[in-house]
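Dear colleague,

Please find the structure below.

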Amino acid sequence: MIQGETMSNAECPECGAQIAQRAGIEVGEIISCGDCGSKLEVKSVAPFGLATAPSVEEDWGE
Amino acid sequence: MAYDISIVGASGYTGGELLRWALMHPEMEVKQLTSERFAGTPVTKLNPTLRGFTSANFVPVKELNTDIDALFLCLPHKISAGFVKQYLETGVKIIDLSADFRIHDKNTYAKYYQEHPHPELLPKAVYGIPELHREEIKKAQLVACAGCLATSIILGTAPLIKAGLIDNSNIIADSKIGSSASGAAFDLSTHHPERQGTVRSYKPSGHRHTAEIEQELSEIAGSKVSVGMTPHAVEMVRGILSTVHARLNTAGTKDLDLWKAYRSFYSKSPFVRLVKDKDTLYRYPEPKCVVGSNFADIGFEIDPERSRVIVMSTIDNLVKGSGGQAIQNFNLMFGLDEKMGLWQPGFHPL
C-alpha cells in the first residue's frame with residue numbers, strides 16, 4: 001500500500017462477508033473468503049474489488 | 001461482585017454440566033447442590049472432572065437456603081413447577097431447566113405433558129433462548145431454559161421464518177442426538193448392549209419439544225408454523241445435529257439471500273456461528289466441532305431444482321442445550337456480559 005492510502009473492505013460476491021484488504025495485495029491474486037471458503041480474484045486494489053475466481057478449466061491437449 | 005447461586009437436582013448430567021460452568025464463572029459463588037439420592041456424597045464422586053474444583057457434598061433439598069441471588073432447577077417436569085411456586089415468592093431469580101414453564105398455553109402443555117400444576121405462573125416465565133428473547137430475559141425473574149432439540153431446530157430455522165423465505169406450513173426437522181440427552185437415570189433402552197451402535201427413531205411424531213418449537217417459530221412468523229420433528233438416538237454421548245427441510249417461497253432464492261438473513265438475525269449473538277465453507281473438511285456443522293462449548297453452528301444448502309432449503313444446526317445438548325444456555329440466561333438476568341464464563345471453543349480433535 002502507498003503510505004497514506006486507506007485500506008478498505010470488499011464484499012464477497014458469494015456470501016456477502018466483508019473482506020479486509022491486506023497490505024500489498026495485488027490485482028490477480030486469488031484469496032479465500034474466510035466465511036464461505038469461496039476462491040476470489042482480486043480485480044482491483046483502489047478501490048478494493050473482488051470477483052468469484054474462475055474454476056480451473058481442464059485442457060486435455062486434444 | 002460474585003452472585004450466590006444454588007442448584008436443585010444437581011446430581012444428573014444437566015446439573016453436573018451446569019456446575020462445571022458455574023465453578024469456573026468469575027461472578028458466581030456456588031453455595032449448595034441438592035440431591036435426595038446422593039445427599040452426603042461428595043459431588044466429585046459423580047463428577048470426577050471436578051476434582052480439585054470443589055469439595056462440596058450434595059445436601060437434601062430440605063436444607064436449601066434461599067438467601068441467594070439465583071436458583072437453578074434441574075428437576076423433572078411437574079416436580080420443578082412446585083419448587084418454582086415455592087421459591088418465586090422469596091424474590092430469588094429462578095432459572096428452570098425443566099419443561100414446566102416453556103409452554104405459554106396450559107392446554108398445549110397438558111397435551112404434551114400433563115395438567116400443569118401451577119398454570120397461573122406460566123405468564124411469569126420467559127422462554128430461555130437468548131438469541132430470541134434477550135431483552136425479556138434481562139428483566140425476568142423466571143426463565144424457562146429451552147429444550148435441547150428445540151434449541152437446535154429453532155436456532156436453525158428462525159432466521160428463515162423472520163425473513164419470510166420459507167413455507168411455514170410444512171417444515172420437517174430430522175435430529176440425531178447423543179445418549180446423554182436421556183439423562184443419568186437408566187433403563188433397558190440405555191443398557192450398553194442395547195444402546196451401543198444404535199440409530200433409533202424413538203419418537204417419529206409428536207415429540208414433546210414440538211410444542212415449544214412451534215410456539216416460538218409461530219411467534220416469530222406472526223402466524224401458525226407447522227414443524228414435523230423426528231429425533232434419532234445415535235452413537236454419540238454428547239451432541240445434536242438437526243437437519244431441517246423447508247420449501248422456499250421464491251424460486252431463484254440465492255445463497256446470498258440466506259447469508260443475509262442469518263447474519264442479520266444473529267448480528268448480536270456471539271454463540272451462533274455460520275458454517276458453510278467450501279474450503280475445508282468441516283464444510284457444514286458437525287457436533288464434533290461444538291462438543292464442550294456453548295456454540296450453535298448453523299449451515300445451509302439450497303436445492304434449486306426443487307426450490308428447497310436444507311439447514312444443518314448443531315449444538316452440545318448439555319451445554320447450549322441446557323447447562324451453558326442456563327449460564328447465558330443467568331448472565332443476562334444479572335446484567336453481565338452474555339459471554340462471561342462461557343467463551344471457550346470445543347475440543348479438536350475429538
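Domain bounds here come from an automatic or database domain assignment. This is a predicted model, in which local features need pLDDT of at least 70, side-chain atom pairs count only at pLDDT 80 or more, and totals for chains, interfaces and linings use all residues. Residues are numbered from 1 along each chain as its sequence is written, while chains are lettered from A and ligands numbered from 1 in the order in which they are written.

In chain B, domain 1 covers 3-146 + 319-333 and domain 2 covers 149-315. The centres of these two domains of chain B, taken over C-alpha atoms, are separated by 25 Å. Their contact takes 20 residues from domain 1 and 24 residues from domain 2; two residues are in contact if their C-beta atoms, placed from the backbone, lie within 7 Å. On the side of domain 1 of chain B that touches domain 2, the elements giving two or more residues are α4 (106-112), α5 and α10 of chain B. Helices are DSSP runs (H or I, at least four residues), numbered from the N terminus. With 6 residues, α10(B) gives the most to that side.

Helices α5 (residues 130-139) and α10 (residues 319-333) of chain B also meet each other: their axes come within 8 Å and cross at roughly 35°. Axes are lines fitted to C-alpha atoms, for helices over the stretch in contact, and angles run from 0 to 180 degrees between N-to-C directions. The contact is made by B:Pro130, B:Arg134, B:Ile137 and B:Lys138 of α5(B) and by B:Gln328, B:Asn329, B:Leu332 and B:Met333 of α10(B).

Yours sincerely
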